[in-house]
Amino acid sequence: MTTDLQAVLDRAAAGGRVTPGEALDLYRSAPLHALGAAADAVRRRRYAGAEHIATYIIERNINYTNVCVTACKFCAFYAPPTAQDKGWTRGLDDILRRCEETVRLGGTQIMFQGGHHPDFGVEYYEEHFSAIKKAYPQLVIHSLGASEVEHMARISGTTAEDAIRRIHAAGLDSFAGAGAELLPARARQAIAPLKESGERWLEIMETAHGLGVESTSTMLMGTGETNAERIEHLRMIRDVQDRTGGFRAFIPYTYQPENNKLKGRTQATTLEYLRMIAVARIFLDNVAHIQGSWLTTGKDVGQLTLHYGADDLGSVMLEENVVSSAGARHRSNLREIIEMIRGADRVPAQRSTTYEHLVVHDDPAHDPVDDRVVSHLSSTAIDGGTAHPELTLVEADR
Ligand code: SF4
């Protein structure tokens, strides 16, 4: 390694800021282990005193409709409004039943996630969020993103700011940062030409942060974007974060190749993913948490991310239909996610949406053993999978 790259890693490990150009050099050229060691040093500095802990959350994705007018090329989940035999929408009763199951299984958060339905304006989300909060006030609604806000505001003939105020008042706690995909223009246009621009996505998130609605941020890797575009994506997030401080976490995940128009011609490799986790931990010095995505990369890679700068492994996802439709078949349960974290020599802790430690599993002898708390991938892409019929989470006799 050149002295310059090692000097950049040393500066980052000591708490210094890295420029976008330096981040690109690190991403392209730094030796993997040196990069991971520096990112881990950044993590340990940030969480000094709790650096032995890695977190997870129990949540459920609730997919309310697959009908969508936006036709993203990487998406295997949506049905266009014209495909009436393929489109479905869940009723409120069904949604509330899924919330009840989430609470019963110890889940603390729901991600309300779906297509850009041509009839769903702000009113739809107000009605659903207020009904969920009325029935289950303990559930955190961590859902949607700038793309949904842009869409619902257009349908209702109002501004994004008004839409955010109204859905927040109805019960939305924070935005999940959906729809970020790739923020730089060329890469975004190539895979999601009908979505708002990356600048607009960030502008809406900045508006939300200004209204007191925080969010996470995401990145979709592996759809043919360049290394420079990946780093530019990080730069765009960091610049907004310098102004707002509203992004709680950064979560890169990988494109899944099945059943979509991109047909898997490009994909991110495991090493590219680990390098991104590390560079994100080093470059995003103003974002608290980096999450490794075991759902799209697999449990082994998820576990490795904990040594490359990640401090969180996301969720035991009680239901997931979106990336599983595109081929992500990794499943986990509570016991496994705890073992994944222990296998990385960390102490597992169940966290809240805002990253408070709810339960720290200090003693393996007292680990929770509830095998009902398991990821269910009810995908149209999996034989026997179910995107829209009833999903049974709990065996009748348990
Ligand atoms: S990613 Fe979201 S917005 Fe894009 S087509 Fe799929 S459901 Fe629609």
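**Close-ups of a predicted model**

View 1. S4 and strand S5 (residues 247-254) run parallel to each other, joined by six bridges; strands are DSSP runs of E, at least two residues long, and helices are runs of H or I of at least four, all numbered from the N terminus. Two strands pair here if DSSP finds at least two bridges between them. Look for Leu220, which stands opposite Tyr253 in S5.

A word on the model itself: it is predicted, so local features need pLDDT of at least 70 and side-chain atom pairs count only at pLDDT 80 or more, while totals for chains, interfaces and linings use all residues. Residue numbers start from 1 along each chain as its sequence is written.

**View 2. The whole protein, for orientation.** Zooming out, the protein has 14 helices and nine strands. Among contacts with a separation of 6 or more, 79% link residues 24 or more positions apart; a contact puts two C-beta atoms, placed from the backbone, within 7 Å.

**View 3. Around the ligand.** The shell consists of Cys68, Thr70, Ala71, Cys72, Cys75, Phe77, Tyr78, Gly115, His116 and Ser147, going by C-beta atoms, placed from the backbone, within 6 Å of the molecule. Six of these shell residues are nonpolar, four are polar and none is charged. Here Ala, Val, Leu, Ile, Met, Phe, Trp, Tyr, Cys and Pro count as nonpolar, Asp, Glu, Lys and Arg as charged, and the others, Gly among them, as polar.

**View 4. The annotated cysteines.** An unreviewed UniProt entry marks Cys68, Cys72 and Cys75 as "binding site", though such annotations may be inferred rather than shown by experiment. Cys72 is in the loop between strand S1 (53-63) and helix H4 (92-104), and Cys75 is found in the loop between S1 and H4 too. Cys72 counts as buried because 25 other C-beta atoms lie within 10 Å; Cys75 does so with 23. Leaving out neighbours within four places in sequence, Cys72 is in contact with Ile191, Ala192 and Lys195.

**View 5. Helix H6, wrapped up.** Eight of the eleven residues of helix H6 (residues 146-156) are buried, so the rest of the structure largely encloses it. The buried ones are Ala146, Ser147, Glu148, Val149, Glu150, His151, Met152 and Ala153. Their cover includes helix H5 (122-135), helix H7 (160-170) and helix H9 (198-210). Just after H6, Gly157 adopts a positive phi of about 65°.

**View 6. Gly179 and its surroundings.** Gly179 sits in the loop between H7 and helix H8 (185-191). Gly179 is buried, with 25 other C-beta atoms within 10 Å. Not counting residues up to four places away in sequence, Gly179 touches Gly145, Ala146, Ser147, Glu148, Lys195 and Trp201. Gly179 and Met219 are 40 residues apart in sequence, with 8.7 Å between their C-alpha atoms.

How values were computed:
A residue is buried if 20 or more other C-beta atoms lie within 10 Å of its own, exposed if 12 or fewer, and partly exposed in between; C-beta atoms are placed from the backbone.
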